[in-house]
Amino acid sequence: MLKFTEEHEWLQIEGDVATVGITAHAAEQLGDLVFVELPEVGATFSKGGDAATVESVKAASDVYCPLDGEIVEINEAITADPSLVNSDPQGAGWFFKLKLANKADADALLDEAAYKELVG
Amino acid sequence: MDGPSDLKKTPLHALNLSLGARMVPFAGYEMPVQYAAGVMKEHQHTRTGAGLFDVSHMGQVTVRARSGDNADAARALETLVPVDVVGLAEGRQRYALFTNDEGGILDDLMIANRGDHFYVVVNAACKDADVSHMRAAIGESCEITLHDDRALVALQGPHAEAVLAELWADVSSMRFMDVRACDLHDADCIVSRSGYTGEDGFEISVPAALAEGVCRRLLDHPDVLPVGLGARDSLRLEAGLCLYGNDIDTQTTPVEAALEWAIQKVRRKGGAREGGFPGADIILEQLEGGASRRRVGLKPEGRAPVRAGAVLATDPEGEDVVGTVTSGGFGPSVDGPVAMGLVATGAAEIGTQLYAGVRGKFLPITVVATPFVKNTFKR
């Protein structure tokens, strides 16, 4: 199940684990990324918590945790090469996998049509 | 509340939009922060080809002695800057600083001797204050005119000369800091061999109505890409150049800012025209005895950029604070983070290991020499 947040994250949910990244819209707005700081595996976050940081040449931005959960995997490929987030934000540029504390919370997020309407 | 309609537009506004610029408010203007290529590519291209920058937001001012004798204008300007203007030859330009009574810096600027007047280029954010400052101090002896009817562009990079030579062959005889009148595409322009990137290049003043035409001619050349303010900042940072408002301001003296080189001997203690500018006592004293803090280059050890405002300490716990980062970001040409900061003189030696506060942690950062990328000026 593919869901989106108003903060421009996407979630690919399988069972109770969500793969999370930022959308193409967000990546395009941020510009060329030069640095990514990912959370530690095992860290827990509430919905809206600062999970990761991305930096472009000019500025740093926060990536929020979209739902309550625990980080079970992180994508080291993007720390090694932040440009992956720009070239493939909704594929190889994924950030982390989140074990959802409450899978039903995902129902309240945006579906693809609603997100597309949000970004216009 | 300010709306987009409150922002001024440069003469190249329509051109910028047509080139896919992402516009942002800057110093009261709508300015291109990047074009379609993006900051990284625009930055790298400037160091390998030729980048064209719209810097028309900056202030272009002429200073003309009412007596008709340009030496009077030179002397008048010397009452405002700790720089040798009287000895600046016609057709030459020099970096200068407006100082205040505390020895602080009001703005950094370029002064060019155009024979019968001086041509002064100041920062956009300071231009109104600078013009008022000049008029208040030297308006009686000099006519001070702000030229809103001219655009200013910079063509920077190793291919800049070859590109400009196609429009104007004379360019090849110019050396770094020369200033000349030139006829570009029937436009009556002023060209200086100078810039803000550390690369060889030119700054070109064009009458507003003809600016788009001149730029389109330059952009027609396959080596030229339009470059925005985002890359302008990363380029100047790699070149170790100060940004007014970040690295220098009214709270920094030229000595603290490591800009002593801009103060020629003739204006220092013992020189023929010693002092005579605001804050001279303090500045001349610091030139002899040093200042308590100094601007330095900084290289973060990891990949994380360390940005302006970050605290600098000598210990990894961040307890012994010795300074602050004044400019910081990512340097595409060095493929890593770069920064500059103001630190206590005791911590300013090259090689000093410091720690910078970033998101609650203190990251190792080393004092290094600038520039981070070798300058390629055609001296």
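**B:Ser327.** Leaving aside residues up to four places away in sequence, B:Ser327 touches B:Leu237, B:Leu243, B:Asn246, B:Asp247, B:Ala308, B:Ala339 and B:Met340; contact here requires C-beta atoms, placed from the backbone, within 7 Å. I find B:Ser327 buried, with 22 other C-beta atoms within 10 Å. The scale I used calls a residue buried if 20 or more other C-beta atoms lie within 10 Å of its own, exposed if 12 or fewer, and partly exposed in between, with C-beta atoms placed from the backbone. I also noted B:Cys242, which is 85 residues from B:Ser327 in sequence but 8.5 Å away in space, C-alpha to C-alpha.

**Conventions.** Residues are numbered from 1 along each chain as its sequence is written, and chains are lettered from A and ligands numbered from 1 in the order in which they are written. In this predicted model, local features need pLDDT of at least 70 and side-chain atom pairs count only at pLDDT 80 or more, while totals for chains, interfaces and linings use all residues.

**S17 and S18 of chain B.** I placed B:Ser327 in strand S17 of chain B; helices (H or I, at least four residues) and strands (E, at least two) are DSSP runs, numbered from the N terminus. S17(B), residues 321–331, pairs with S18(B) in the antiparallel sense over eight bridges, where pairing requires that DSSP find at least two bridges between two strands. B:Gly329 has B:Val338 as its bridge partner in S18(B). I recorded a hairpin formed by S17(B) and S18(B), with four residues between them, and a positive phi of about 50 degrees at B:Asp335 in the turn. S18(B), residues 336–344, is mostly covered, as seven of its nine residues are buried. I then found S15(B), residues 293–300, antiparallel to S18(B) over six bridges.

**Chain B as a whole.** I counted eight helices and 20 strands in chain B. Its radius of gyration is 21 Å, close to the 21 Å that the globule rule gives for 379 residues, so chain B is as compact as a globular protein of that length. The radius is taken over C-alpha atoms, and the rule is 2.2 Å times the number of residues to the power 0.38. Of the 379 residues, 49% count as buried.

**Domains of chain B.** The assignment, automatic or from a database, gives domain 1 (4–51 + 149–238) and domain 2 (292–373). I note that nine residues of domain 1 are in contact with 11 residues of domain 2. On the domain 1 side, the elements giving two or more residues are helix H2 (39–48) and helix H7 (229–238).

**Contact with chain A.** I found 13 residues of chain B in contact with nine residues of chain A. H2, H7 and S17 of chain B each give two or more residues to the chain B side. That side divides into six nonpolar, five polar and two charged residues; Ala, Val, Leu, Ile, Met, Phe, Trp, Tyr, Cys and Pro count as nonpolar, Asp, Glu, Lys and Arg as charged, and the others, Gly among them, as polar.

**Sheet of chain A.** I traced an open sheet of six strands in the order S1-S2-S3-S9-S8-S5, with antiparallel pairing. Its edge strands are S1 (2–4) and S5 (44–45), each pairing on one side only. Two bridges join S5(A) to S8(A), residues 69–74, and A:Phe45 stands opposite A:Gly69 in S8(A).

Definitions and conventions:
Two residues are in contact if their C-beta atoms, placed from the backbone, lie within 7 Å.
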